[in-house]
Amino acid sequence: MTTTTKLDDENELMSVYLRQWKVLRALLRRHTGSLELAEDALQETWLRLAGLKAQSGVIHDRQAFILRIAGNIAIDLARREKRHSSRCINDDVLLEALADSYPSPETFAIDRDQLRQLTRALMQLPAKPRAALLMNRCDGMSHRDIAGRLGVSESMVARYLAQALRHCRDHFRGLL
C-alpha cells in the first residue's frame with residue numbers, strides 16, 4: 001500500500017465521521033442520557049480516529065467502525081461518571097445536612113403567641129379540669145391515676161378532660 005492510499009483511507013475515515021457527526025451525537029445522547037457525555041465521547045472518538053494514522057489495517061465498514069469506537073468510549077465515560085457520582089456528595093444532601101433546624105423568628109413568635117393563648121385559656125378553667133388536663137397531657141397520667149390524685153371517679157376525670165379540651169378549642173376559635 002502506498003502512502004497516498006493510506007492518506008486517502010485516513011481522510012475517508014475522518015470524512016465519514018464528519019458526515020455522521022449529528023447522527024452519532026443523537027445516538028450517543030440517547031445511549032448515555034446526557035448531551036455532555038455524548039459530546040465528550042464524540043471528541044474522544046475524533047482523537048482516537050486521528051491516532052489511527054500510524055496503524056495499518058483494512059476497515060471494511062467505516063461507519064460501523066466509527067460507531068463501535070464511539071459506543072465503547074461512551075460506555076467507558078458513563079461508567080466513569082457513575083463511579084464519580086457515587087463517591088461525590090450531592091449539593092442538596094450537603095445543604096440539608098447544614099440546614100439549621102432551629103425555628104425561624106416568625107415560627108418562634110407564632111409558637112410563643114399560641115403558648116400564651118393556651119396559658120390564658122387554661123387559667124380561665126376551674127382548678128380540677130385544668131389539673132386533670134395538665135396531668136393527662138403533660139405528665140401522661142392515666143384516668144385512674146388522675147382520679148386517685150383528685151379524689152374523683154374516672155368518669156368525672158373524663159368529663160373534666162372533655163370540659164377542658166372544649167374550653168381550649170372554643171378559646172382558640174374565638175381568636176380567629
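I took helices (H or I, at least four residues) and strands (E, at least two) as DSSP runs, numbered from the N terminus.

**Entry 1. Ground rules**

The model is predicted, so I note that local features need pLDDT of at least 70 and side-chain atom pairs count only at pLDDT 80 or more, while totals for chains, interfaces and linings use all residues. Residues are numbered from 1 along each chain as its sequence is written, and side-chain values use heavy atoms, with hydrogens and water left out.

**Entry 2. Overall**

I looked up the secondary structure and found nine helices and zero strands. Along the sequence the pattern reads α-α-α-α-α-α-α-α-α. Of the 176 residues, 24% count as buried; buried means under 20% relative accessible area, exposed over 50%, and partly exposed in between (1.4 Å probe, protein chains only). I then looked up contacts, meaning heavy atoms within 4.5 Å. Among contacts between residues at least 6 apart in sequence, 60% join residues at least 24 apart.

**Entry 3. Thr 45**

I placed Thr 45 in helix α3 (residues 35-50). Thr 45 has a relative accessible area of 0%, so I put it down as buried. Leaving out residues up to four places away in sequence, I listed Tyr 17, Ile 66, Ile 69, Ala 70 and Ile 73 as touching Thr 45.

**Entry 4. The aromatic pair**

I searched the whole structure and got one aromatic pair. Rings of Phe, Tyr and Trp (its six-membered ring) pair if their centres lie within 6.5 Å; planes under 30 degrees apart count as stacked, over 60 as edge-to-face and the rest as tilted. The partners are Tyr 17 and Trp 46, which are tilted, with 5.3 Å centre to centre and 50° between the planes. Tyr 17 sits in helix α1 (residues 3-19) and Trp 46 in helix α3, 29 residues apart, and the pair links distant parts of the chain. Tyr 17 is buried because its relative accessible area is 3%. Trp 46, at 33% relative accessibility, is partly exposed.

**Entry 5. Glu 12**

I found Glu 12 in helix α1. At 31% relative accessibility, Glu 12 is partly exposed. Glu 12 touches Arg 19 and Arg 62, residues up to four places away in sequence not counted. Glu 12 and Arg 62 are 50 residues apart in sequence but 8.3 Å apart in space, C-alpha to C-alpha.

**Entry 6. α2 against α3**

For helix pairs I used axes that are lines fitted to C-alpha atoms, for helices over the stretch in contact, with angles from 0 to 180 degrees between N-to-C directions. Helix α2 (residues 21-32) and α3 pack at about 130°, with axes 8 Å apart. I therefore logged α2 and α3 as oblique to each other; angles under 35 degrees count as roughly parallel, over 145 as roughly antiparallel, 65 to 115 as roughly perpendicular and the rest as oblique. The α2 residues in the contact include Trp 21, Leu 24 and Leu 28, and the α3 residues include Leu 35, Ala 38 and Leu 42. The residues of this contact divide into eight nonpolar, one polar and three charged. Ala, Val, Leu, Ile, Met, Phe, Trp, Tyr, Cys and Pro count as nonpolar, Asp, Glu, Lys and Arg as charged, and the others, Gly among them, as polar.

**Entry 7. α7 against α8**

The axes of helix α7 (residues 127-137) and helix α8 (residues 143-150) come within 10 Å and cross at roughly 140°. Lys 128, Ala 131, Ala 132, Met 135 and Asn 136 in α7 meet His 143, Ile 146, Arg 149 and Leu 150 in α8. I sorted the residues of this contact into five nonpolar, two polar and two charged.
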